[in-house]
Amino acid sequence: MRGKRSKGLRLGTTVVALAALLVGGTACASEDDPASPGGTSPGGGGIKDGLSVAFLPKQVNNPYFTVSDNGGKAAVAEFKGEYKEVGPSEASASSQVSYLNTLTQQGSDVIVVSANDPNAICGAVNQARQGGAKVVTFDSDTNKDCRDLFVNQVTGQGIAENQVELISEAIGGAGKIAILSATANATNQNAWIELMKTELKKPEYAKIELVTVAYGDDKDEKSFQETQGLLASYPDLKGIVSPTTVGVAAAARYLSGSQYKGKVALTGLGTPNQMREFVKNDTVKSFALWSPADLGYLAAYAGAALASGVISGKEGDTFTAGKLGEYTVGADGVVVLGPPTVFDTTNIDQFDF
Ligand code: RAM
C-alpha cells in the first residue's frame, strides 16, 4: 500500500534529509560566528542585521501556527533580527486588518502573514508595503497582486493528489465522502478543495462521490459538531477528508467516541501530536502534513531576503534560507517548501510537533 505513496516523502528520506540539513545548518549559522563587517548576518546569504520581522497567523490559538511561527522565530534569531508574533484568535476574513495597520504604524520591515481571505486584507497590506514593509504570505495566500511573495507549503496539486489518494486507500476506492474544511474564505482551503474535485474526476476515483463540503471555521467545537452533522445527514458516508489541522483533530475525536469508529474513514492534514492518539486507537489510518516549522523558517528568510535587497521577488530570483539551503522564486512570486509527509502507525512516534 505504501508503495503507491509517490506524493509524500517517505520516513527514511525525511530523516536523512533532515539530518543532512541540520548538519549543514549548524555549520553555517552558528551563534558564535561574528557578524560580518558589512552589517549582514553570517550564513544568511546577504541578509541585513536588525530587521524587524512580524508573524501574523490566521489565528494565534492554533498549535499549527505556534509551530510555524516558532520556525520563523528561529530563522530571525539566526539573521539577528527582531521577531514578534501578533494575530487574532478567530480566523475570520477581516480579523487581521487591525494587526496589519498596527504593524505598519510600527514600521515593520517584514510582515509574514497567513491570509484568512484573498482580498479582505489587501488594502492593509498595500499600506504596509507603501510604508516600506516587505509582505510575504505563507500557508494561505492573498490575491497575488497584494503581496511580494507567497511561501507555499506544497503545490496545491500536490496536496490534492495526496489527500484524494489517502481517502481512496482508506475507503477501499469506493463510496461517499465529505470534506470538512476550515473557514469558507480561506484561500488555501478553497484552492485545495477545487483541485481535489478535479482530482476526483480521474478514472481511478470514478467510484468515489464527494457529497458535500462542511466548514468548521478552524474552531474545535464547530468542527466537532459539523462532523456529527455530516454523519447524521449522510448515514452511508464512507469517509471524511479534513485538510485542516483543527478540523481533522476534532473529527477524529468525534469519530473515536462514536459508533462510527473504524467504520467511517478519516484523513486530512494534521499535526502528529494532535493525531497520535487517533492513529494508535485505529480511528485514523494515515494523514499528512509538511513541516510547519520549516514553512515559517523559509518564510522568514524569504521576507528578509526581500528586505535586504538580495531578491526583488521576480521569477528566477534565488536566495539562501539558512539550514534549508537555496530556494528559487517561481511564477507569480511563489516559493514552494516541498512535498508533504504521510504519517501512520509506522512513523508517527518519530515526530514531535
Ligand atoms: C490549519 C489551517 C492552515 C492549514 C493547516 C493544514 O491549521 O487551516 O491554514 O494549512 O490547517
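Which residues of the largest nonpolar core touch the most other members?

## Basis

This is a predicted model, in which local features need pLDDT of at least 70 and side-chain atom pairs count only at pLDDT 80 or more, while totals for chains, interfaces and linings use all residues. Residues are numbered from 1 along each chain as its sequence is written, and side-chain values use heavy atoms, leaving out hydrogens and water.

## Nonpolar cores

Phe79, Val151, Trp290, Leu298 and Phe319 touch the most other members of the largest core, which has 81 residues. A nonpolar core is a set of buried Ala, Val, Leu, Ile, Met, Phe, Trp, Tyr and Cys residues joined through side-chain atoms within 4.5 Å; buried means under 20% relative accessible area (1.4 Å probe, protein chains only). Helix H10 (residues 292-307) gives the largest share of this core, 11 residues. Helices (H or I, at least four residues) and strands (E, at least two) are DSSP runs, numbered from the N terminus.

Beyond its neighbours within four places in sequence, Val151 is in contact (heavy atoms within 4.5 Å) with residues including Val136, Phe138, Leu295, Leu298 and Val335. Another core, of 13 residues, lies apart from the largest one and has Leu103, Ile111, Ala124 and Ala128 among its members.

## Helix H6

In H6, the buried residues are Asn188, Gln189, Trp192, Ile193, Met196 and Glu199. They fall within an arc of 130° seen down the axis, so they line one face of the helix; the arc is that of the directions from the helix axis to the C-beta atoms. Their cover includes helix H5 (156-171) and strands S6 (175-181), S7 (208-215) and S8 (237-242).

Notes:
Buried < 20%, exposed > 50% of the residue type's maximum accessible area, 1.4 Å probe, protein only.
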